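Please look over the assembly shown here before reading on. The paragraphs below take one chain and then one interface.

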Amino acid sequence: MTEALEPTQSNLPQRSPVPTESWVSQFGDGGFRGISFLAALLTASIPFWMCLLIFKDAQPAIAKFGLAFVWTQEWNIDQSLFGALPYIYGTLVSSAIALFLALPIGVAVAIVTSEKVLPEGLQTPIAFLVELIAAIPSVIVGLWGRFILIPALEPFQQFLYSHFKWIPIFNTQPFGPSMLMAGVVLAIMIVPTIAAISREVFLAISQDLRNGAFALGATQWESIMFITLPAAASGIFGAASLALGRALGETMAVTMVIGNVNEISTSLLNPGNSIPALLANQFGEASDPLHVGALMYLALLLFLVTLAVNAIAAVLVRALTRNA
Amino acid sequence: MSDLYAPLPPSKKLFNAAMSVTAFALSALALIPLLAMLWAILSKGVPHLTADVFTQLPAPAGMKDVPSGFANAIIGTGVMVAIAAGLSLPLGILTAIYLSEFGKNSTFASGVRMLVTILSAAPSIVVGVFAYGVFVLPLKGFSALAGGFALSVIMLPIVTLATEESLKLVPNAQRLASAALGAGYGRTTLRIVLARAFPGILTSSLLAIARAAGETAPLIFTALFSQNWLEGLLGPSASLSVLIYNYASSPFVDQNNLAWAAAVMLVGIVVFTNLLARWVTRNRQTTR
Amino acid sequence: MLPSSNPPPSNSLAPSSAAPNEGEQPPIPVMHVQDLSCFYGRHKAVEGVYMDIYEKHVTAIIGPSGCGKSTFLKTLNRIGEMESDLRIQGRVELLGKNIYAKGTNLNQLRRQVGMIFQQPNPFAMSIYDNVAYGIRTVSRPSRSVLDDAVESALRSAALWDEVKDNLNQSGLDLSGGQQQRLCIARALAVNPKVLLMDEPCSALDPIATMKIEALLHELKNKVTIVIVTHNMQQASRVSEYTAFFSTDEHRIGQLVEFGATSQIFLEAEQPSTRDYVAGRFG
């Protein structure tokens, strides 16, 4: 019986049939699996580590100010009085302006690059260029904002003041850096996010839906505005949430155009401040543990809010691109 | 049958026209800042991109006719991105290997993916704060190491998630064929799966590096800044991005000019790396 | 209800009546399957198979689609459990040793029982490296020894003459039929006892198919072949033994009949076998 089974070529080691597991090969495979498992464990632990560390270092401030931190306005380093309100206000307002400006633009770009309203050849370059905006480092957008955009929009800000100062949001004399400028710069930076995700949402919508509209005599634009857009609404909302998450945490471009003044004012033409901007400005020089603690507290709040917004966004976007 | 050839009613025509105009106008509005930025950077930065920039330290503020450059910033960015890549690439790729080859759809693997996604959503300033707590506070000083660490935390989720996608694209039949020849997991993963997924992994690594090179917020209070040459990994370090930030708000025009020159270099690095990343993938798509 | 193959079916262990060629030695079983059932999780896919695989012969596995042929094949080298939650009850023996015993070295098992898949899947490396892959997994032979082994494998797969001047060319640059022969060479390079083939020609054109069928006639002198095919004519052309699988009304796969190919196709015992080979269902 063994004779019939002799391999014809004998350069290779002979092995008895089905030997049991050699410990070397068992270890090799097991070792590899083990190392990759440890890597996964380490990676997964970083967010926890981050939260815990920031929370721990924020303790001096949390202990002293508690939740009142959120609505206290005073920020005085010498007197050790810290309140987050101006920065929370600035973060929210600048992000809201950004979203207000970026949403129509982003959706327009998404429509233009996914629906058939343009020659096909133009869609890819436009999509590519808009994506390129996202690749530009934030500090460079800030540089441009400070030296080019603010002077260029100075007449516009003046115009808003002189003609619309009866509206509370425009009722202060602008002198350059302002909440509005921060909103504009943030808008420029989040348009790619809205455009890219909305585009995916549009592409995921079944062609049958559009065909149904065409079959009833709708024109291209009627189908887009009245059929496709409503169907994409929750996905676009998800894109907006994701973009909001980005805007809330954006630091460099904002700090270079917002004026870094710890005030709360209804006027958008006034300078202001935001949490990331404040952190960028003060962390380098903070030495007193309470000061550092207050900054850490702000960082913690920012982290948690950004997390929540992103979580909502992720759920929405996944739900729509799966169902459509 | 005559109305088969009737033109669209004017109201519809107007609507169509108005929508088209609006859509294109808004899209143009999106592209104008990009073009304006590129134009400004090139026109204001290139004239100041001299050879000195690559070899000289920044001159003290206000001094004229002294050779000035930002060689230390170039080195600093290079060193810190290298540290970041050295930390995040192995960790991220191994994690992705675990998720794609071993963990797959298990609860643990899904949990890891979720945590990595959470990490990717963390604002870069918060990552800087984290690195501050890990390095700057205990070591009582700013360091290139802290900066490199902060950048690695930013790179890690990008590398992990994109690498997992590339690994999942490798057809399972390849793994089965390798196993059918008697190769174990380690060999199959390295020689077959990773080799096949390599272009995608390279692309995502390059994109992560481009991102890290441009980051400023995580470096401002971890590596801080320096007007001098880098003195070891435990000392503060200049970087292109922080230089731009600092010198942009300086009252001295010479420093503003350096900021623009640095901006050209930084944008050049980022755009070049991005294009390189895309070229790598496009090149491989021609082989089946 | 189809009668399942009861142990042991007389026609599977009666060498004299089953030996397809007169004057040859009685066939020796290299693998033995004993009461094998296959489960995906809790769902039973195949039930109660008894079968022998005779060495240096070609055994074909035929049957309508969905009857568990591929599932069964993949239990013979334990590849099935790699791609899904497949598990088995029963015994599968290779040269008398149970391959499902605890402590079985799976890597060694798969070198002894190789596999060719439905879609040709050469690795993204040169032809030479593809063939050498399995050899390099366990040893580091000198270059000349490796060259000889690669050439020998490619000759056995009837591919040598077509690629001998281009061994560094990527395996992916070959035509479909050539790629499949490359996969065969790759599998042969590790000297398996058995070569399992899961519908190896279904993705190939008729000419490539013919070449592979001709190859099988020569290969069986070196290695035992088990081939799953949905093409009955192919089974009758290439095999000496045929196993007919089908599903019962509960959609569980079963071995209905096993015997010499000539017998299965001309005078099958089971009515469902006769119906299938006559093309009355499938």
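This is a predicted model: local features need pLDDT of at least 70, side-chain atom pairs count only at pLDDT 80 or more; totals for chains, interfaces and linings use all residues.

Residues are numbered from 1 along each chain as its sequence is written, chains are lettered from A in the order in which they are written, and side-chain values use heavy atoms, without hydrogens and water.

Chain A has 10 helices and 2 strands, taken as DSSP runs (H or I, at least four residues, for helices; E, at least two, for strands), and from the N terminus on their order is α-β-β-α-α-α-α-α-α-α-α-α. Of the 324 residues in chain A, 51% are buried, that is, under 20% relative accessible area with a 1.4 Å probe, protein chains only. Among its contacts (heavy atoms within 4.5 Å) between residues at least 6 apart in sequence, 72% join residues at least 24 apart.

Turning to the interface, 26 residues of chain C are in contact with 19 residues of chain B, and the two chains bury about 1900 Å² between them, 60% of it on carbon and sulfur atoms; buried area here is the accessible area (1.4 Å probe) that two parts lose on being put together, summed over both. The elements giving two or more residues to the side of chain C that touches chain B include helix H4 (106-112), strand E6 (113-116) and helix H5 (127-138) of chain C, and H5(C) gives the most, with 4 residues.

Methods
Buried means under 20% relative accessible area, exposed over 50%, partly exposed in between (1.4 Å probe, protein chains only).
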